[in-house]
Amino acid sequence: MTTVLVVDDQDLIRAGLVALLRAAPGIDVVGEAADGESAVAEAARLRPDVVLMDIRMPGMDGTAATERILARAEDPAPRILVLTTFDLDEYVYAALRAGAAGFLLKDTGPERLIEAVTAVARGDMLFAPSVTRRLIEAYVSRGDRPADPPEPAAGLDVLTARECEVLRLTARGLSNTEIAERLRIGEATVKTHLNRTMTKLHVDSRAQAVVVAYETGLVVPGSPPV
């Protein structure tokens, strides 16, 4: 059973999400929150597997709540699934930097939402690598992006040449399968390189590693995808 905390400041939307998820087999909605502060408190109290997080809320927004939840969480930390109105949204970019496991548009269909919650609960990232690349490029290229890179992104000198290459291809939007074919290595080896890369960079997700690749200049926004 996957436990879920639903966070949304709009009562009607939150009630609809709760009702939908409670009707789905294998999902147990253990709590609700109407703002970021409540989300942080409820996540610590309930320790859900997944937090379905509205990104734009008054007071503490979903980005700040995501960062605080993950910073304070006991292992295993909950997976944060961001809900947003727009697929290119500076809030989503910031949430990815903070460690969110994926994002969904608010017009996502019911079946897709249920699949998404299940997917992130089992450890998957919920967006295609190409979507991550497009989102990150859009905001790394902007002059008003956050000036400070993630703290672990001081440099990539801790990575081996192969790890840098795998990270570069990941940031350019290739899937693990495509990277394996390109480098003539096994897909399991690609996953091993990515896991080691994330460990060395002290990041918790593939998306955060991709952000580091752009913000350290390993990949230049607008460069060809392959």
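The following legends describe close-up views of a predicted model.

Residues are numbered from 1 along each chain as its sequence is written, and side-chain values use heavy atoms, with hydrogens and water left out. Because the model is predicted, local features need pLDDT of at least 70 and side-chain atom pairs count only at pLDDT 80 or more, while totals for chains, interfaces and linings use all residues.

**Figure 1. Overview of the chain.** The chain contains ten helices and five strands; helices (H or I, at least four residues) and strands (E, at least two) are DSSP runs, numbered from the N terminus. Of its 226 residues, 48% are buried, where buried means under 20% relative accessible area, exposed over 50% and partly exposed in between (1.4 Å probe, protein chains only). Among contacts with a separation of 6 or more, 70% are between residues 24 or more positions apart; a contact means heavy atoms within 4.5 Å.

**Figure 2. The nonpolar cores.** A nonpolar core is a set of buried Ala, Val, Leu, Ile, Met, Phe, Trp, Tyr and Cys residues joined through side-chain atoms within 4.5 Å. The largest such core has 42 residues, of which Val7, Met53, Ile80 and Val82 touch the most other members. Helix 10 (residues 206-215) supplies the largest share of this core, seven residues. A second, separate core has 18 residues, including Leu21, Ala24, Leu83 and Ala101. Not counting residues up to four places away in sequence, Val7 touches Ala33, Asp35, Ala39, Val51, Leu52, Met53, Asp54 and Met57.

**Figure 3. Helix 10 and the residue that follows.** Nine of the ten residues of helix 10 are buried, so this helix is largely enclosed by the rest of the structure. The buried residues are Arg206, Ala207, Gln208, Ala209, Val210, Val211, Val212, Ala213 and Tyr214. After helix 10 comes Gly217, with a positive phi near 85°.

**Figure 4. Asp8 and its surroundings.** Asp8 is found in the loop between strand 1 (2-7) and helix 1 (11-22). Its relative accessibility is 0%, so Asp8 counts as buried. Apart from neighbours within four places in sequence, Asp8 is in contact with Ile13, Arg14, Ala33, Ala34, Asp54, Met57 and Lys106.

**Figure 5. Packing of helix 3 with helix 4.** Two packed helices are described by the angle between their axes and the distance between the axes. Axes are lines fitted to C-alpha atoms, for helices over the stretch in contact, and angles run from 0 to 180 degrees between N-to-C directions. The axes of helix 3 (residues 62-72) and helix 4 (residues 90-98) come within 9 Å and cross at roughly 5°. The two helices are therefore roughly parallel to each other; angles under 35 degrees count as roughly parallel, over 145 as roughly antiparallel, 65 to 115 as roughly perpendicular and the rest as oblique. Thr63, Thr66, Glu67 and Leu70 in helix 3 meet Tyr91, Ala94, Ala95 and Ala98 in helix 4. By class, this contact has five nonpolar, two polar and one charged residues. Ala, Val, Leu, Ile, Met, Phe, Trp, Tyr, Cys and Pro count as nonpolar, Asp, Glu, Lys and Arg as charged, and the others, Gly among them, as polar.

**Figure 6. Packing of helix 8 with helix 9.** Helix 8 (residues 176-183) and helix 9 (residues 187-201) pack at an angle of about 105°, with their axes 8 Å apart. Helix 8 and helix 9 are therefore roughly perpendicular to each other. Asn176, Thr177, Ile179 and Ala180 of helix 8 make the contact with Glu187, Val190, Lys191 and Leu194 of helix 9. This contact of helix 8 with helix 9 comprises, by class, four nonpolar, two polar and two charged residues.

**Figure 7. Asn176 in helix 8.** Asn176, which lies in helix 8, is buried, with a relative accessible area of 14%. Residues up to four places away in sequence aside, Asn176 touches Glu187, Val190, Lys191, Leu194 and Arg206. The side chains of Asn176 and Arg206 are joined by a polar contact of 2.8 Å; a polar contact is a pair of N or O atoms within 3.5 Å, and within protein, one must be able to donate a hydrogen and the other to accept it, with residues adjacent in sequence counting only if both atoms are side-chain atoms.

**Figure 8. Backbone features in loops.** Most residues other than glycine have a negative phi, and most peptide bonds are trans. A cis peptide bond, with omega about 0°, joins Asp75 and Pro76. Arg47, in the loop between helix 2 (36-46) and strand 3 (50-54), has a positive phi near 50° and is partly exposed at 43% relative accessibility. Arg184, in the loop between helix 8 and helix 9, has a positive phi of about 60° and is exposed, with a relative accessible area of 78%.
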